[in-house]
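Welcome, and thanks for taking a look at this model. Below is a short tour of a ligand site, the fold around it and one further residue.

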Amino acid sequence: MPTTLSERLSRELEGLRESGLLISPKVLETPNRAHTRIDGRDVLNLASNNYLGFADHPALKERAEAYLREWGAGAGAVRGIAGTLRIHEDFEQQLAEFKHTGSALVLHSGFTTNQGVLGALLQPDDLVISDELNHASIIDGLRLTKATKKIFKHADIADLERVLQENDSDGLKLVVTDGVFSMDGDIAPLDKIVEVARRYGAVTYVDDAHGSGVLGADGRGTVHHFGFEHADDVIQVGTLSKAWGGVGGYAAGHADLRQLLINRARPYLFSTAQPPAVVGALSAALEEVQRDPSLMERLWDNTRYFKAGIEALGFDHMGSQTPITPVVFGEAPAAFEASRRLLERGIFATGIGFPTVPLGKARIRNIVTAEHTRDDLDRALEAYSAVGKELGVI
Ligand SMILES: *Cc1c(COP(=O)(O)O)cnc(C)c1O
């Protein structure tokens, strides 16, 4: 007798419940801003990826509304058939200029971008070398390819070099890394990665989801943070869904990359184009970050202030270098309990445990944004001090 759907669902859910991994997301009752409302209570939001406050920014909403009125609610088709509107191409041009790359293509999300680009680019005799902590969408993207896959230890240049020495290929060699790692907030040593990759004739592929709008002048990303300009042997992918405040993903790099993706990337070919309002919001975001330098300044002032405060309280933030600020509580139940107690004190920040992060390193992951005030951060630090003491972590 085959398994019934009811059996499958109840058994899986029961398993998740027993292991404490069942997710039931908090519902925000106002837009995603530094202050929001959950269960009818006002809370300070340290859980979003809304680095620059663009998710509910007036300039983005205004442009989204204008594009909606002029270009409609939907794109009407996949890009390759009849869904490419003038605004899609204009935005891609704007993005390529912003990132100083030879071309840029926009897809539906950062997640589908990794699937689309890795799937389109890689062939069976290629070699891919991937950082062990790379994002799930990279792992899934690589599963779509028949290329040989190897892993190097997280941000470990010597180990990367070892893998490059031990493996060779006459096909394309691709070193894949996140630009900023989403759980620890550390920055990939991209300058060294590119240097080693080049010595072995490999191309570097950097997923800059948490570096876009955060690192480099005007948020141009990790490549710019390290002070090197676009090169043909570096592919930058990233998201338009985090700091840029909308939803989407991009691949930017070699002048011919875009043309290949248009022909081969399956999300481009088989999934409908972004709606005009989203394109409008994103185009305004790229302008706004350059028009108003105080956004990046506030993001980084707040980041330094909050990190110093967390450190002074005696917590471990894992040496994070970016606005992503983990606060380690040990095992998962402690992190989840801390998150619950913080919420009671009006601070919204999510607990993350094994298997997303290693055993013993369960944490609360905070993301500081440009919208937070000093008062907000002081309130958060006070709550951390109290909860850390209650749970015996500091
Ligand atoms: C968040 C994230 C993505 C997914 O981006 P979306 O636009 O939300 O789909 C991809 N890669 C990395 C490294 C991320 O952190």
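Predicted model: local features only at pLDDT ≥ 70, side-chain atom pairs only at ≥ 80, totals over all residues.

Strands are DSSP runs of at least two residues, numbered from the N terminus.

**The annotated lysine**

The unreviewed UniProt entry puts the feature "modified residue: N6-(pyridoxal phosphate)lysine" at Lys242. Is this lysine buried or exposed? Lys242 has a relative accessible area of 18%, and buried means under 20%, so Lys242 counts as buried. Its contacts, leaving aside neighbours within four places in sequence, are Asn49, Tyr51, Ala209 and His210. With His210 there is also a polar contact between the two side chains, at 3.4 Å.

**Around the ligand**

Which residues come closest to the ligand? Of the 13 residues that surround it, the closest are Gly110, Asp207, Thr239, Ser241 and Lys242.

| Residue | Protein atom | Ligand atom | Distance |
|---|---|---|---|
| Gly110 | polar backbone atom | oxygen | 2.7 Å |
| Asp207 | side-chain N or O atom | nitrogen | 2.6 Å |
| Lys242 | polar side-chain atom | oxygen | 2.6 Å |

On its own, the ligand has 380 Å² of accessible area, and the protein covers 85% of that.

**Two domains**

Stepping back, the chain is divided into domain 1 (21-50 + 293-390) and domain 2 (59-291). Their C-alpha centres lie 27 Å apart. How many residues does each domain bring to the contact between them? Domain 1 contributes 19 residues, and domain 2 contributes 21 residues.

**A look at Thr222**

Another residue worth a visit is Thr222, which lies in helix H9 (residues 222-225). Thr222 is buried, because its relative accessible area is 0%. Not counting residues up to four places away in sequence, Thr222 touches Gly179, Val180, Ile187, Leu190, Asp208, Gly211 and Leu215. How far is Thr222 from Thr369? The two are 147 residues apart along the chain, and 18 Å separates their C-alpha atoms.

Conventions: Residues numbered from 1 in each chain as written. Heavy atoms only, no water. UniProt positions renumbered as here; feature names shortened; annotations may be inferred. Buried < 20%, exposed > 50% of the residue type's maximum accessible area, 1.4 Å probe, protein only. Contact = heavy atoms within 4.5 Å. Polar contact = N/O pair within 3.5 Å; in protein donor to acceptor, adjacent residues only side chain to side chain. Near = heavy atom within 4 Å. Areas by Shrake-Rupley, 256 points an atom, 1.4 Å probe, with all protein chains shown as cover. Domains from an automatic or database assignment. Helix = DSSP H or I, 4+ residues; strand = E, 2+ residues; numbered from the N terminus.
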